[in-house]
Each structure stands twice: as C-alpha cells, then as structure tokens.
Amino acid sequence: DDGRGVDRARVAARAGRAAVADDAELLDLLCAPGFSTREVADETSGRGVGMDVVRRVVDGLGGELSVQSELGRGTTFVLRLPLTISIVEAFTVRCGESRFAVPVPVVEEIVDVEESRVVSLPSTGGELARMVVRRGASVPLVELAGALGLSVAHHGKQALVVRRAKREAVAFAVDRVLGQQEVVVRPLADPLVTVTGVAGSTDLGDGLATLVVDLLGLTSRLARTEAA
C-alpha cells in the first residue's frame, strides 16, 4: 500500500462497531460485500466489490487469505494456495461449440490444416487414417473433439502438434486457436468426472469453466487403442 496502513478506528466506525479486535476481524470487515471506507465511489473504487471477490476466489481454490496491518507503517495481504493449483501458459482453442485450454509447453508447433496437405493412409485396423504433411513427413491427424468423445461436424482448420518422448508426433485438429494466456489450473478431484486427456479446469475470466486438455495423455490413449 502507500505506507499508511489501515485505520482500524475508521473501519470500525464505518461498520458500526466500537472497535476492531485483531487482523482476522479486520479482514472479515474488509471482505464484507459492499463494504468500503470511501465516502464517494469513483470508476475504480468505493463500491465494495473488491476484497470480497478476492476472498471468494481464494476460498474457492481451497486457499487462505490473511492480512497484517499497522497504522502508519503499511499493510500486507498474504494469499496461500494449495500446491495442487498450478499457473501455466496455455493456448485456448475452439472445437465446435466447446472451448478448451492446452498448456503451451507440450505443443511443438501450430500448423494450418490445408486439404492439399492432408492424405489418407490405411491404418492397422483397416480404416483410413488422416495424415497431415509437415516438413516433408506425414503426421497422424486426429480431431481433438473426436478424441474427447464429442461429435465431429467438420474437420478442423488448425492443428496442435505434440510429441511424447521419442514417439512420433501427433497433430490434434481444432477449429481455430483463439489465443494464449496465463491460466490457473484446478485438478478434477471427483473420480466421477476424471477422464484421460483432461488435466483439470480453469476460468478464462468470463466465469465459465473451461477444461484443460492433456494432449500427451491423449496420445498415450490413442497408442493403446491402436495396439489393441
């Protein structure tokens, strides 16, 4: 902060209390929906919709928010999040009506899927497998929607190329890559919703849950399916 710290007497008066006993009570008041010490609201503050949002998010992640404040010296807010929560750079992609996030480190390359670069070759199961030509070599082309068990209405126009260890590369086709951003990944702890190829979920800022796809896990599952 600006070094002034939080005036507990002012906070107590604003909340209609005689005093604020400790930092824990101070935090409860600061995080109360609609609470603000400003007399007049402006474009950025004074509406009391700041700290309560922060606390709800931290609580929702299973974390903890605390405050240490001394008048005339300053204020420190401490956020503690579980180790199961990770922050990664991710590509956001769209497949039909669905949107997914893919961690950037697993992606070797993003390629445009032009029909002139797509060939069909016989697979081990006797069916034709689609391949995309990449730098003179054919790479298996898999529709991400189909790999996740979703209906595939059309072929994707872009593909994310991944490679697990020394295995051959695999290209996962999507409708399009929407962009790249830093996301907080929450694991799916419920065994009823745990699915191979889904690493967790995230919120891209619009309040809608978005699944984080594990493309390396999908390549392993596809390899086991082909071997069977």
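**Reading the model, step by step**

Modeller: Let's begin with a pair of side chains: those of Arg134 and Glu108 make a polar contact at 3.1 Å. A polar contact is a pair of N or O atoms within 3.5 Å; within protein, one must be able to donate a hydrogen and the other to accept it, and residues adjacent in sequence count only if both atoms are side-chain atoms.

Biologist: What should I know about the model before I go on?

Modeller: This is a predicted model, so local features need pLDDT of at least 70 and side-chain atom pairs count only at pLDDT 80 or more, while totals for chains, interfaces and linings use all residues. Residues are numbered from 1 along each chain as its sequence is written, and side-chain values use heavy atoms, with hydrogens and water left out.

Biologist: Is Arg134 buried or exposed?

Modeller: The general idea is a share of accessible area: buried means under 20% relative accessible area, exposed over 50%, and partly exposed in between (1.4 Å probe, protein chains only). Arg134 counts as buried because its relative accessibility is 11%. In the chain of 228 residues, 34% count as buried.

Biologist: Which residues is Arg134 in contact with, leaving aside its neighbours within four places in sequence?

Modeller: Contact means heavy atoms within 4.5 Å. Apart from those neighbours, Arg134 is in contact with Glu108, Glu109, Arg117, Val139, Val161, Arg163 and Ala169.

Biologist: How many helices and strands are there in the chain?

Modeller: Helices (H or I, at least four residues) and strands (E, at least two) are DSSP runs, numbered from the N terminus. The chain has 5 helices and 13 strands. Our Arg134 sits in strand E7, which covers residues 128-134.

Biologist: How do strands make a sheet, and in which order do they come in this one?

Modeller: Strands of a sheet pair through backbone hydrogen bonds, either parallel or antiparallel. Two strands pair if DSSP finds at least two bridges between them. In this model, 6 strands form an open sheet with mixed pairing, and their order is E5-E9-E10-E8-E7-E6. Strand E5 (107-112) and strand E6 (118-122) each have a single partner strand, so they stand at the edges with one side left without a neighbour in the sheet. E5 and E9 run antiparallel and are joined by 5 bridges. Within E9, Gln158 is the bridge partner of Asp112.

Biologist: How many residues does the largest nonpolar core have?

Modeller: In soluble globular proteins, nonpolar side chains tend to be buried together. A nonpolar core is a set of buried Ala, Val, Leu, Ile, Met, Phe, Trp, Tyr and Cys residues joined through side-chain atoms within 4.5 Å. The largest one here has 19 residues, and Val93, Leu144, Phe172 and Leu215 have the most contacts inside it. Among the elements that give two or more residues to this core are strand E3 (86-95), helix H4 (144-147) and helix H5 (215-227). A second, separate core has 11 residues, including Val118 and Leu141.

Biologist: What does Leu144 touch, not counting residues up to four places away in sequence?

Modeller: Its list includes Val93, Cys95, Phe100, Phe172 and Leu215.

Biologist: That list has a cysteine in it. How many disulfides does the structure hold?

Modeller: A disulfide is a covalent bond between the sulfur atoms of two cysteines. In a model, the test is a pair of cysteine sulfur atoms within 2.5 Å. The structure holds 0 disulfides. Cys95 is buried, at 8% relative accessible area, and Cys31 counts as buried at 6%.

Biologist: Now a helix, please. Which residues of helix H2 are buried?

Modeller: In H2 (residues 23-30), Glu25, Leu26, Leu27, Leu29 and Leu30 are buried. Their cover includes helix H1 (8-15), helix H3 (51-60), strand E1 (64-70) and E2. At the start of H2, the backbone nitrogen of Ala24 has a side-chain oxygen of Asp22 within 3.3 Å.
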